[in-house]
Amino acid sequence: MTTPETMLIYTSLSTQPLSVPALQALVRRARERNAAAGITGLLLYLDDAFLQVLEGRREAVHALYADIARDPRHTGAYVLLDTPIRQRSFGDWSMGYAGVTRADLAALPGLSDFFLRNDPLSAMPPGLALALVRGFVEAGAGGRWLAEPAARGH
């Protein structure tokens, strides 16, 4: 019997703005930790806020999220979506990263209204969070989002 897999999407606020080197270090550590735990996903950083997608065995994802929620580098961790999945959306990504702008996200189909209103990521409804994930997958954004954090994003 295989262990059920889960997709968990959460948001949080950085306790201080992160420099490009700090983001690079954070993403490198996340990639190493996630690969060891069999977790894949995506990390967005926008307006000093994080939105992260974690996919993997339910126990591993929940254990990682518990560690993340205790991390003092951010506050207000809030789960937008926690759902069983049949197939991973980011199965080939140890951790994709995107330092995005609201214009980048508004360009994804079905997301323009939310991001053009400047609503905080924590106000994103679960269905819209799932649409965001689908938008990244369907846009074939893999090459762009797998890069290291760069000055372009911040």
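Start with D47, which sits in the loop between β2 (40–46) and β3 (49–57). Strands here are DSSP runs of E with at least two residues, helices are runs of H or I with at least four, and both are numbered from the N terminus. This is a predicted model, in which local features need pLDDT of at least 70, side-chain atom pairs count only at pLDDT 80 or more, and totals for chains, interfaces and linings use all residues. Residues are numbered from 1 along each chain as its sequence is written, and side-chain values use heavy atoms, without hydrogens or water.

Stop 1: Check the backbone of D47. Its phi is positive, about 55°, although D47 is not a glycine. D47 counts as partly exposed, at 49% relative accessibility. (Buried is under 20% relative accessible area, exposed over 50%, partly exposed in between, with a 1.4 Å probe and protein chains only.) Now select D48, in the loop between β2 and β3. Its phi is also positive, near 60°, and D48 is not a glycine. At 30%, D48 is partly exposed.

**Stop 2: an aromatic pair.** Select Y45 and F50. They form a tilted pair, 5.0 Å centre to centre with 45° between the planes. Rings of Phe, Tyr and Trp (its six-membered ring) pair if their centres lie within 6.5 Å; planes under 30 degrees apart are stacked, over 60 edge-to-face, and the rest tilted. Y45 is buried at 0%, and F50 is buried at 6%.

**Stop 3: helix α1.** Select residues 20–37. Colour V20, L23, L26, V27, A30, R31 and N34: they are buried. They cover an arc of only 135° around the axis, so they lie on the same side of α1. The arc is taken from the directions from the helix axis to the C-beta atoms. The face turned away carries exposed P21, E32 and A36. Just after α1, G38 has a positive phi of about 75°.

**Stop 4: the largest pocket.** Its volume is about 230 Å³. A pocket is an open set of points on a 1 Å grid where a 1.4 Å probe fits, with protein on both sides within 12 Å along at least five of seven lines; lining residues have an atom within 4 Å of a point. Of the 14 lining residues, select those closest to the centre: L26, R33, I68, D71 and R73. α1 gives the most to the lining, with four residues.

Note on methods
The expected span of a helix is 1.5 Å times one less than its number of residues. Grid points are joined across faces, edges and corners, and a volume is the space filled by probe spheres set on the points.
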